Amino acid sequence: MDQKKKRISVAGLLITIGIVYGDIGTSPLYVMKSIVTGNDGIANVNRELILGSISLIFWTVTLLTTVKYVMIALNATNHGEGGIFALYALVRKRAKWLVMPALIGGAALLADGTLTPAVTVTTSIEGLKNMHFGSSIPVPDQNSVIIITIVILLLLFSIQTFGTSIIGKAFGPIMLIWFSFLGLIGIHNMMQDWSILEALNPLLAIKVLFSPANKVGIFILGSIFLATTGAEALYSDVGHVGRGNILGSWPYVFICLALNYLGQGVWILQNPNYHTNGTELNPFFEAVPANLRLFAIILATIAAIIASQALITGSFTLVSEASGLKFLPRMKINYPTTEHGQIYIPAVNKMICIVTIAIVMFFRTSEHMEAAYGLSITVTMLMTTLLLFEYLGAKNHPLILRLCFLIVFGFIEGMFLISSLTKFTHGGYVTVLIAGFIGIIMFIWFFGNKIRDKHEGANTYVRLDKYTDMLADLSHDDDYPVYATNLVYMAKVKYNKFIKREILYSILDKRPKRAGAYWFVSVNITNEPYTAKYAVNTYDTKNIINVQLYLGFKKQTSVNVYLRQVVHDLIKDGTIESQPQEYTTSPGREVGDFSFVIVKDVVSSLTKLKGFEKWIVTARVWLQNLSSNPASWFGLEYTDTVVESVPLILGRPSRDLHIKRVAPCDYSHLKNEDEVIQ
């Protein structure tokens with residue numbers, strides 16, 4: 001749906017708060033905890049460190065989230081959709097090399113989406129550990145935390161099928177309560193020391209990086225960065241809620257976050273000798289009054305669940321855009337609502353669920369997860385900065401302003417990346433491996449298509465209208481058995497006449513397939529939910545038909561059902577001949593049987609590509625045949641469908657394939673057969 005149609009409204013603002021800010025909204029759960037832990041515990045921190053750290057948090061969120069993403073990136077949407085792939089689609093014509101930042105950034109963001117649900121939910125449940133409820137302790141150890149976390153994650157991923165609109169309406173009021181709670185708890189603690197507002201001075205942020213009070217030096221930025229990791233997800237989710245609703249809701253969210261960080265700072269400074277009862281110190285929960293702590297833990301747990309939603313919905317959008325840009329294979333997409341931007345991809349949902357649960361079981365504690373968190377997202381942010389630089393150029397902004405943007409944000413994010421690299425050996429390698437795996441798949445798919453297109457040559461497509469006489473003759477040739485009354489190829493016909501040679505090869509060359517009518521069907525998905533139209537071209541024949549189906553994204557892609565209706569229409573108006581059936585349970589039936597053929601490629605041994613190019617193309621075809629289920633795309637699971645392999649031959653045939661004829665050998669002088677064998 002176009003962004004202009006997504007007007008700002010109370011309902012829209014509530015849905016936005018429910019599904020967009022979950023990740024950044026739960027950062028107070030672990031940011032201050034990570035800072036204090038990194039400086040050897042609460043007994044070893046002082047006012048200079050805390051004020052400087054809060055200043056770093058405040059100005060990081062201001063610059064990266066507010067300025068870069070809310071004020072600049074949200075303007076860079078492609079038909080209302082946001083995210084790094086939508087941004088790449090806007091600038092890809094400016095330079096070929098821009099594909100690499102898009103691939104790297106997209107892979108890193110998808111990898112980060114597997115860690116966010118794990119760390120946020122685990123952190124919240126750990127707040128219940130060793131907590132007494134009367135005489136019982138429901139969550140006595142970390143094993144209990146892991147079990148509860150996995151159950152919650154399974155429930156979260158299972159509700160994705162209902163769509164983000166329904167989820168947002170349910171989560172919106174809860175997240176509004178969450179952010180209000182953050183702000184109120186912050187104010188409650190700040191009332192004991194209003195001088196904490198001194199932390200808003202940006203000079204303190206710079207000073208603390210080089211202060212002896214900060215034991216980790218510049219590497220403190222690895223913890224600070226956790227406060228803004230949800231910014232990229234915010235950009236990816238703009239298609240679900242609209243730019244206006246994000247602009248309208250962000251100021252309230254930002255203020256509540258800032259107040260909470262300030263309040264945690266006051267509590268830390270006033271409790272230097274605080275001791276926990278055998279559990280890890282978390283300033284967020286400790287800063288909450290004791291009589292509200294259980295409520296805070298329950299609310300934080302729900303907020304953590306919702307936090308995962310922002311990355312999950314963002315991942316759906318990213319994968320959909322990646323498929324459109326030919327970065328990933330085509331996947332089945334469901335549209336739970338009538339809005340085109342709100343999607344659900346079952347395969348992606350399952351994969352993220354499996355990997356997230358595996359991460360929980362591997363790291364076991366939130367402290368270990370935090371050590372790995374944020375590394376991959378810094379890479380994504382850097383790649384987005386490069387693409388935004390080109391986008392600003394496409395919008396004719398002065399070069400000096402573009403360079404300032406690139407230098408400022410490139411430097412900031414570069415510093416965060418350097419500090420986050422210290423996390424690599426502490427678990428960061430896990431997200432790097434996940435990102436690398438996704439990146440390799442995207443690289444193979446994209447460049448495999450490029451190499452294939454380069455070597456296929458001019459003979460890849462032929463004019464369908466030049467073969468109509470041959471097809472008509474075959475249809476009436478009694479020397480061949482009838483393959484089907486209606487032989488249907490799911491094939492894209494370009495400009496109403498160009499079709500891939502392999503389709504006609506399947507009909508004419510392998511073993512001629514005689515049919516009463518040859519159908520070439522293209523399915524075109526529209527941006528409207530309930531479109532149901534078709535157009536036909538018969539090339540002045542009675543039995544060769546090109547059908548263009550135009551189906552809304554909410555319409556079931558049941559090609560066989562629609563095609564039967566099309567056949568009835570064309571028989572009725574005399575466009576094609578009737579197909580009376582002698583043997584049928586439906587007297588007077590005029591439509592014959594259907595056989596559907598879907599052609600897939602298999603790399604031929606005659607392909608003469610060398611080295612890297614051959615490996616890429618072979619891997620790309622393998623991925624296609626592994627990931628695709630064409631019958632399900634077209635709703636043909638229960639029809640007579642044949643998936644037929646055709647050879648993919650790329651490159652010039654080798655002259656070495658020529659064979660020379662010689663005279664047969666004379667073996668009459670041999671005494672026995674054993675000598676022939678030898």
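The largest nonpolar core of the protein holds 159 residues, and Tyr21, Trp178, Phe179 and Phe327 have the most contacts inside it. A nonpolar core is here a set of buried Ala, Val, Leu, Ile, Met, Phe, Trp, Tyr and Cys residues joined through side-chain atoms within 4.5 Å. Buried denotes under 20% relative accessible area, exposed over 50%, and partly exposed the range in between (1.4 Å probe, protein chains only). Helix α15 (residues 293-324) supplies the largest share of this core, 14 residues. A second, separate core has 24 residues, among them Val488, Val523, Leu551 and Ile571.

The model is predicted: local features require pLDDT of at least 70, side-chain atom pairs count only at pLDDT 80 or more, and totals for chains, interfaces and linings use all residues. Residues are numbered from 1 along each chain as its sequence is written, and side-chain values use heavy atoms, with hydrogens and water left out.

The secondary structure comprises 26 helices and eight strands. Helices (H or I, at least four residues) and strands (E, at least two) are DSSP runs, numbered from the N terminus. Of the 678 residues, 55% count as buried. The accessible surface is about 30900 Å², and carbon and sulfur atoms account for 60% of this area. Among contacts (heavy atoms within 4.5 Å) between residues at least 6 apart in sequence, 83% join residues at least 24 apart.

Individual residues show such links. With neighbours within four places in sequence left aside, Phe179 is in contact with Ile17, Tyr21, Gly25, Tyr252, Val253, Cys256 and Leu257. Ile343 sits in the loop between α15 and α16 (346-363). Ile343 counts as buried because its relative accessibility is 5%. The C-alpha atoms of Ile343 and His240 are separated by 8.6 Å, although these residues are 103 apart along the chain.

Two elements are mainly covered. Helix α5 (residues 84-91) has six of its eight residues buried. These are Ile84, Phe85, Ala86, Leu87, Tyr88 and Val91. In strand β2 (residues 482-490), seven of the nine residues are buried, so β2 is largely enclosed by the rest of the structure. Strand β2 pairs with strand β4 (residues 514-526) in the parallel sense over seven bridges. Pairing requires at least two DSSP bridges between the strands. Asn486 stands opposite Ala517 in β4.

Seven salt bridges were counted. The criterion is a side-chain nitrogen of Lys or Arg within 4 Å of a carboxyl oxygen of Asp or Glu. Asp478 and Arg514 meet at 3.0 Å, N to O. Asp478 lies in the loop between α21 (468-475) and β2, and Arg514 in strand β4, so the pair ties together parts 36 residues apart in sequence.

Asp193 and Arg47 form a salt bridge at 3.6 Å, N to O. The pair links distant parts of the chain, with Asp193 in the loop between α8 and α9 and Arg47 in helix α4 (residues 47-72), 146 residues apart. Arg47 is partly exposed, with a relative accessible area of 31%. Arg47, Asp193 and Glu198 are linked in a network of salt bridges. Glu286 pairs with Arg293, the closest N and O atoms being 3.6 Å apart. Glu286 counts as buried, at 14% relative accessibility.

Leu184, Ile187, Met191, Trp194, Leu197 and Leu200 make a nonpolar surface patch of about 570 Å². Patches consist of residues with over 30% relative accessible area and no salt bridge; like charges are joined within 9 Å, and nonpolar side chains (Val, Leu, Ile, Met, Phe, Trp, Tyr) within 5 Å. Leu197 lies in the loop between α8 (164-190) and α9 (202-209). Leu197 counts as partly exposed, at 38% relative accessibility.

Backbone angles were also examined. Most residues other than glycine have a negative phi. Lys326 has a positive phi near 65°. Lys326 is found in the loop between α15 and α16 and is partly exposed, at 48% relative accessibility. Phi of Asn396 is also positive, near 65°. Asn396 lies in the loop between α18 (375-394) and α19 (399-420) and is exposed, with a relative accessible area of 68%.

Notes:
Accessible areas come from the Shrake-Rupley method with a 1.4 Å probe; for residues, only the protein chains shown count as cover.
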